[in-house]
Amino acid sequence: MDLEPSDHEPEEDDPEERFHDPDSEGLTIPSAPSPPSPEAPEVPSPGADEDVPSEIHSAFWLVVLTLNAAILATAVGALVLVFGHGTRPGLAALACGVALFALAARRYRNSKALAGGGSDDAESDSDTEREEAQ
């Protein structure tokens, strides 16, 4: 079997030949021009008068961490159930996730009441306004 090209075939293009540098021992890779960087918009930093009260700040992060744990436990429980690694551990993790979601909802409602924006207050305000209008 003859693997040599025939005389009628054109020469193959060698892509490395374009980047060969006779002064160095290998290829020289050209650098791409860096795009012009647009000016970043200024982000206002929170001032002293915009600080959040510590109770609300800690309540917010507590709800965030509780929701993260709830999502993790629910996902792990569902995956354990789906892939058949045990019904009891899967249901336990799933139940733990659901309980953590309920706890997060309760903490969220309590933190809304702490901030003064509870939904129960809005309903009682609208009832009071209706009574005054009559």
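Which residues form a nonpolar patch on the surface of the protein? Leu67, Ile71 and Phe101 form it, and together they have about 240 Å² of accessible area.

## Basis of the model

This is a predicted model, in which local features need pLDDT of at least 70 and side-chain atom pairs count only at pLDDT 80 or more, while totals for chains, interfaces and linings use all residues. Residues are numbered from 1 along each chain as its sequence is written, and side-chain values use heavy atoms, with hydrogens and water left out.

The protein averages a pLDDT (the predictor's confidence in each residue, from 0 to 100) of 78, and 74% of the residues score at least 70. Confidence is highest in helix α2, at 93, and lowest in helix α4 (residues 119-133), at a mean of 51. Where pLDDT is low, the predicted coordinates should not be read in detail.

## Overall fold

The protein has four helices and zero strands, taken from DSSP runs (H or I, at least four residues, for helices; E, at least two, for strands; numbered from the N terminus). Along the sequence the pattern reads α-α-α-α.

Of the 134 residues, 10% count as buried, where buried means under 20% relative accessible area, exposed over 50%, and partly exposed in between (1.4 Å probe, protein chains only). Among contacts (heavy atoms within 4.5 Å) between residues at least 6 apart in sequence, 46% join residues at least 24 apart.

## Surface and patch

The protein exposes about 11800 Å², of which carbon and sulfur atoms supply 58%; such areas come from the Shrake-Rupley method with a 1.4 Å probe, and for residues only the protein chains shown count as cover.

Leu67, a member of the patch, lies in helix α2 (residues 54-82) and is partly exposed, with a relative accessible area of 32%.

A search of the whole structure finds one aromatic pair. The rings of Phe60 and Trp61 have their centres 5.0 Å apart and their planes at 75°, so the pair is edge-to-face; rings of Phe, Tyr and Trp (its six-membered ring) pair if their centres lie within 6.5 Å, with planes under 30 degrees apart counted as stacked, over 60 as edge-to-face and the rest as tilted. Phe60 is partly exposed at 48% relative accessible area, and Trp61 is partly exposed at 44%.

Leu62 lies in helix α2 and is partly exposed, with a relative accessible area of 40%. The C-alpha atoms of Leu62 and Arg107 are separated by 8.1 Å, although these residues are 45 residues apart along the chain.

Note on methods: Patch = residues over 30% accessible without salt bridge, like charges linked within 9 Å, V, L, I, M, F, W, Y side chains within 5 Å. Salt bridge = Lys/Arg side-chain N within 4 Å of Asp/Glu carboxyl O.
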